[in-house]
Amino acid sequence: MIGEGILLECLNIPEITEILSVSRKPCNISHAKLKELIVPDFLSLNENDERLMGYDACFYCAGISSVGMGEEQYRTITYDTTLQFAKAVKPNPAMSFVFVSGGGTDSSEKGSMMWARVKGKTENDLGKLPFKQTFGFRIGFVEPAAHQQHVLKLYNYIGWLTPLIKLLFPKYINTMAEVAHAMYMLSKNGYDANVIHVNDIKQLSKAYLK
């Protein structure tokens, strides 16, 4: 859901001139500045993969819910796959890497919530790679982009509550456009923090729209 939404919104950002969508399945989106690479298993990617070279930033939006999963399986999908992909894009001082983690991620890696520890370790170890800067996007509720095809079933049931959530709980919700704007601004200008929260996203989006 996040990957498709960010892709749609980034296509609307004029300053972004070329996008490579890397996914397990075709995205079924046609656009002049969009290229596509189908990779059934990200763990199969080699380090410094030439197909992924030449980009200013990587917005890594792949992920899965931990519900019903053991720690080893969840770690393989969330930690191992992300780090393998990060190494495949050839970490370098000219490239930023954005990892969509989530609110509640545990930077100490010692908390009681398994998923939070795994995501915290993923954020921490991405930060050890020689990118320009890495960011953990600790998003909360994200309003889908217009014309999105892949939306979590939960949103189909509670989407009508979005205006109320915006009014009563503004610190827990962003639009997909706000998240995309924030990713673009961070990749271009850097930031004084590596962990990005909902309010940071709002402020960065406002800065882009000025």
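Areas come from the Shrake-Rupley method with a 1.4 Å probe, and only the protein chains shown count as cover for residues.

This is a predicted model, in which local features need pLDDT of at least 70, side-chain atom pairs count only at pLDDT 80 or more, and totals for chains, interfaces and linings use all residues. Residues are numbered from 1 along each chain as its sequence is written, and side-chain values use heavy atoms, leaving out hydrogens and water.

**Stop one: the surface.** Select Leu-164, Leu-167, Leu-168, Phe-169 and Tyr-172, which make a nonpolar patch of about 570 Å². Leu-168 sits in helix α5, residues 162-168 (a DSSP run of H or I, at least four residues; strands are E runs of at least two, and both are numbered from the N terminus).

Now pick Ile-2, Ile-6, Phe-137, Ile-139, Val-179 and Met-183, the residues with the most contacts inside the largest nonpolar core, which has 31 residues. A core is a set of buried Ala, Val, Leu, Ile, Met, Phe, Trp, Tyr and Cys residues joined through side-chain atoms within 4.5 Å; buried means under 20% relative accessible area. Next, color α6 (176-189), which gives the most to this core, with eight residues.

Select Cys-61, which is buried at 18% relative accessible area.

Conventions: Buried means under 20% relative accessible area, exposed over 50%, partly exposed in between (1.4 Å probe, protein chains only). Patches are made of residues with over 30% relative accessible area and no salt bridge: like charges are joined within 9 Å, nonpolar side chains (Val, Leu, Ile, Met, Phe, Trp, Tyr) within 5 Å. A salt bridge is a side-chain nitrogen of Lys or Arg within 4 Å of a carboxyl oxygen of Asp or Glu.
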